[in-house]
Amino acid sequence: MAGNSFGKLFKLTTYGESHGKAIGGIIDGCPSGIKLDFDAIQNELNRRKPGQSKIVTQRKEPDTVEFYSGVFEGETTGTPIGFVIHNTNQKSKDYTHIKDVYRPSHADYTYDKKYGVRDYRGGGRSSARETASRVVAGAIAKQMVSNIKINAFTSSVGEIFIDKPYQDLDFNKIESNVIRCPDEATAEKMIAKVEEIKKQGDTIGGTITCVIQNVPVGLGEPVFDKLHAELGKAMLSINAVKGFEYGSGFCGAKMKGSEHNDLFNVNGTTKTNLSGGIQGGISNGMDIYFRVAFKPVATVIQKQDALNSTGEIVEMQGKGRHDPCVVPRAVPIVEAMAALVIADNMLLRRQESKEW
Ligand SMILES: Cc1cc2nc3c(=O)[nH]c(=O)nc-3n(C[C@H](O)[C@H](O)[C@H](O)COP(=O)(O)O)c2cc1C
């Protein structure tokens, strides 16, 4: 299983399983001399951790990160940054009912068929617990590129969505409610929806919008490594993500070029920004914004037909502590993955610079 690393110069490798002793990672390529704010790193983890509100899974994990290398007297040393997050609240018994059963639309069937290994306790390596390590690395990446502002928020839950452009929202309000929606009236409706869905033992999907501001011109490349392609891969690598669109996205496909073109100002900025801050794979200095679609997650606390390992359709009922809607916990994950892409591309741009 080789795909455990992400990034070219700012490179994160993660390890660990949901019900093993610990998860963690190694960040290779982080420059030296970056003063780290450890409270800010832990705060990002707290935004992702389970049990933080009534509308997320009730698994209680402190998710405390410990650093083992690459940091001295509060600053990065330029050597690999090794870190660990211990798993302390595993309840593997919650999963014995699916030991020989593949949950529909989860990773169980494909993982077992490919690797011949079934870590039924919470999905093993395919569990979204792995994303805690991404959040740690993303928090460091954010601090490395601290001039660049990365804000993600819940923009829809089921059919309920924010009916305003992001420019009309106050990002300081993202953390003011448990769903992480900066529009308070919409947030209330979203929370009520998740509570209703949870009572039904069901799950619901939603979208996250991410806005990256103060990005310099020149991040990304024109061919395979287009900046939006890198962001797309980053977002689509998050568990339960089913869609990614940036700028005008799928709406742009319904428009005419004369409507869609972003006309220039003399300083190279543009009057509109349907390009989403990226043209020809390279950032143009305008805001980068994109949306990520999350499915309603697979584990419903209802009876459903499932396949067992001997090839029979059997009835199963989901059990244990699951998220009725993963979107609020995924907000810091989206920000983290965006920060990893931006940090990596800042280093790549420095390497490609004409000035030595
Ligand atoms: C933050 C987060 C929490 C998740 N929690 C659950 C959960 O409680 N139950 C579940 O069935 N899936 C959960 N998922 C989704 C699964 O990890 C994911 O659906 C599974 O690995 C299969 O991958 P796929 O949906 O990308 O195909 C969560 C995803 C994220 C991002």
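The questions below go from the whole fold to single residues.

Trainee: What kind of model is this?
Mentor: A predicted one. The protein has eight helices and 17 strands.

Trainee: What makes the protein as compact as a globular protein of its length?
Mentor: Its radius of gyration is 21 Å, and the globule rule gives 21 Å for 356 residues, so the label holds. The C-alpha atoms fill a box of roughly 65 × 50 × 40 Å along the principal axes.

Trainee: How much of the protein is buried?
Mentor: Buried residues make up 42% of the 356. Of the contacts with a separation of 6 or more, 71% join residues 24 or more positions apart.

Trainee: Why is E352 called exposed?
Mentor: E352 has 9 other C-beta atoms within 10 Å. E352 lies in helix α8. Its C-alpha atom is 25 Å from that of Y246, 106 residues away along the chain.

Trainee: Which residues of helix α1 are buried?
Mentor: In α1, residues 38-48, they are I41, E44, L45, R47 and R48.

Trainee: How do you know that they are on the same side of α1?
Mentor: They cover an arc of only 155° around the axis, which puts them on the same side. An α-helix has 3.6 residues a turn, so residues three or four places apart point the same way. The face turned away from the buried side carries the exposed residues F38 and D39.

Trainee: What do the buried residues of α1 pack against?
Mentor: They pack against β4 (65-67), α3 (131-144) and α8 (327-352).

Trainee: What makes up the largest nonpolar core?
Mentor: That core has 77 residues. Those with the most contacts inside it are V136, C210, V334, M337, A338, L340 and I342. The largest share, 16 residues, comes from α8. In soluble globular proteins, nonpolar side chains tend to be buried together.

Trainee: What does M337 touch, leaving aside neighbours within four places in sequence?
Mentor: M337 is in contact with R134, G138, A234, M235 and I238. The test for contact is C-beta atoms within 7 Å.

Trainee: Which residues come nearest to the ligand?
Mentor: Of the 21 residues around the ligand, they are A128, N239, V297, T299 and H322. α8 gives the most to this shell, with three residues.

Trainee: How does the shell divide by class?
Mentor: It has nine nonpolar, nine polar and three charged residues.

Terms used. Residues numbered from 1 in each chain as written. Predicted model: local features only at pLDDT ≥ 70, side-chain atom pairs only at ≥ 80, totals over all residues. Buried ≥ 20, exposed ≤ 12 C-beta atoms within 10 Å, placed from the backbone. Helix = DSSP H or I, 4+ residues; strand = E, 2+ residues; numbered from the N terminus. Arc of directions from axis to C-beta. Contact = placed C-beta atoms within 7 Å. Core = buried A, V, L, I, M, F, W, Y, C linked by C-beta atoms within 7 Å. Near = placed C-beta within 6 Å. Nonpolar A, V, L, I, M, F, W, Y, C, P; charged D, E, K, R; others polar. Rg over C-alpha atoms; globule rule 2.2 N^0.38 Å.
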